[in-house]
Amino acid sequence: MMMRVLEDELFPSTPGKVKIERTHAANRQLHRCFASTSTLFLWALLLIALTASYLSFQSFVDTSSRYFTASWGGLHWERQIRASAAVRREDGIAVLVTGAAGFVGTHVSLALRRRGDGVVGLDNFNAYYDPSLKKARKALLASHGVFVVEGDVNDARLLAKLFDTVPFTHVMHLAAQAGVRYAIENPASYVHSNVAGLVTLLEACKSADPQPSVVWASSSSVYGLNDKVPFSELDGTDRPASLYAATKKAGEEITHCYNHIYGLSITGLRFFTVYGPWGRPDMAYFSFTRNILQGKPITVFRGRDGTDLARDFTYIDDVVKGCVAALDTAEASTGSGGRKRSPAQYRIYNLGNTSPVTVPALVGILERHLKMKAKKNVAEMPGNGDVPFTHANISLARAELGYKPTTNLETGLKKFVKWYLSYYGYSRRVGNKS
Ligand SMILES: NC(=O)c1ccc[n+]([C@@H]2O[C@H](COP(=O)([O-])OP(=O)(O)OC[C@H]3O[C@@H](n4cnc5c(N)ncnc54)[C@H](O)[C@@H]3O)[C@@H](O)[C@H]2O)c1
Ligand SMILES: *[C@@H]1O[C@H](CO)[C@@H](O)[C@H](O)[C@H]1NC(C)=O
């Protein structure tokens, strides 16, 4: 019954019918049109238009069938959710982790589960990078008793169902379209996940009873063209250099509005280039490792004036401690029934490492750990959104979260390389999924 209704909504008119009518009309005009060569051009245009509409119809059918197969609900499903959300320690918390099959989400979920908190994951397993890596992370989580729901943060019905099933005390919102350069190719995916998805999630949080406290991932990229170092939370963030950065900045303002109107407790964490085992294949340290092992060249970008690019690389375990500390220090939300009873907490913290490393130094460390030389192409950084350097001032997180990163890039990359070789193997042919 439900399927019927949805199908009707998705296919308001029968596309086949429209096409047939178009063909009849076309037949009647066939002779007249072909009589003149100048109308050949019009025919070519019509052909292109028909092909394009056919192709877009195909991709539409594709998405909707994926929607129907990614099913949720039912008694068995609810039982899995409740078991995963079960708290196993005194004063434990129950956390909905969005983006749980992602890099940071997997590690945060594991850390929470290990200390006895309840964790339910949510992830849409999109193909921005190799989904099989996301599936492998999901399997890892399952082996620790964490269930990851396959669904989108834009699915308001699913979110309402999750909050109906479990009275989550916290939401760790990590689902997002990440990556700076991909916004050139697919800008809509950033609006979909980082703006629309965030609003849908906050709507669900504000309506939930009780309201959860929300901790979410912003990004160091909000500092944009800021060149005062180290980057402090007091610095301006109104000059983003990429659409990704702009959507994260929008997120900081959107969360502020939900905090102000509905009393949601909000903590935004500005991560600085997080790396480590189970990391993201689209990031430089990961693709450099893959290419070095395969004997393929890597491209090392430099700044306009020939300076080396630098990043404040932050090891995943340090970031996880910061995330968990943010959850533990988050005050309760203060709203219910669509309005707040009193002002709620609103915080923003840098989570970085405070010791930037240049990209050539990063390559040097990888070469030592892999015992192989990189074939380097040096090129000027294209102006597509990357900033020349990042450097975090973490004194606020240190004071208020007890955040204290302890892993330097040398040590962290050693752990990453160890994981990479055990996951992809030593073979030169594998590990080139993305
Ligand atoms: N890794 C970093 O260096 C870094 C730096 C700054 C900020 N961040 C932010 O931290 C968060 C986690 O990053 P990550 O490195 O783990 O990235 P990731 O891509 O590995 O994880 C994000 C996960 O969210 C999922 N997702 C995306 N859109 C979704 C949607 N609409 N609905 C449901 N799930 C969706 C993806 O499938 C993915 O598994 C992101 O918000 C990212 O923007 C990361
Ligand atoms: C670091 O940031 C804090 C605010 O979070 C600020 O008070 C302090 O002056 C900053 N330190 C430096 C060296 O910029």
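Biologist: In which sense do β2 and β3 pair, and over how many bridges?

Modeller: Keep in mind that this is a predicted model. As a general idea, strands of a sheet pair through backbone hydrogen bonds, either parallel or antiparallel. Here β2 and β3 pair in the parallel sense, over 4 bridges. Take Val120 as a case: its bridge partner in β3 is Phe147.

Biologist: What is the strand order of the open sheet?

Modeller: Reading across, you get β3-β2-β1-β4-β5-β6-β13, which makes 7 strands with parallel pairing. At the edges sit β3 (147-150) and β13 (346-351), each pairing on one side only. On average, neighbouring strands of this sheet are turned by 20 degrees against each other, direction ignored.

Biologist: Now the helices. At what angle do α11 and α13 pack, and how far apart are their axes?

Modeller: Two packed helices are described by the angle between their axes and the distance between the axes. For α11 (residues 284-293) and α13 (residues 359-370), that's about 45 degrees and 10 Å. The two are therefore oblique to each other, and α11 passes α13 in a right-handed crossing.

Biologist: Which residues meet there?

Modeller: From α11 you have Ala284, Tyr285, Phe288, Thr289, Ile292 and Leu293; they meet Val359, Leu362, Val363, Leu366, Glu367 and Leu370 in α13. By class, that contact has 10 nonpolar, 1 polar and 1 charged residues.

Biologist: And ligand 1: which residues come nearest?

Modeller: Gly99, Gly102, Phe103, Ala176 and Ala217, out of the 28 residues around ligand 1. Elements giving two or more residues to that shell are α5 (103-114), β2 (118-123), α9 (187-207) and β5 (213-219). The largest share, 3 residues, comes from α5. By class, the shell has 13 nonpolar, 11 polar and 4 charged residues.

Key
Residues numbered from 1 in each chain as written. Chains lettered and ligands numbered in written order. Predicted model: local features only at pLDDT ≥ 70, side-chain atom pairs only at ≥ 80, totals over all residues. Near = placed C-beta within 6 Å. Nonpolar A, V, L, I, M, F, W, Y, C, P; charged D, E, K, R; others polar. Pairing = 2+ DSSP bridges. Axes fitted to C-alpha atoms, helices over the stretch in contact; angles between N-to-C directions. Parallel < 35°, antiparallel > 145°, perpendicular 65-115°, else oblique. Left-handed = near helix turned anticlockwise from the far one by under 90°. Contact = placed C-beta atoms within 7 Å.
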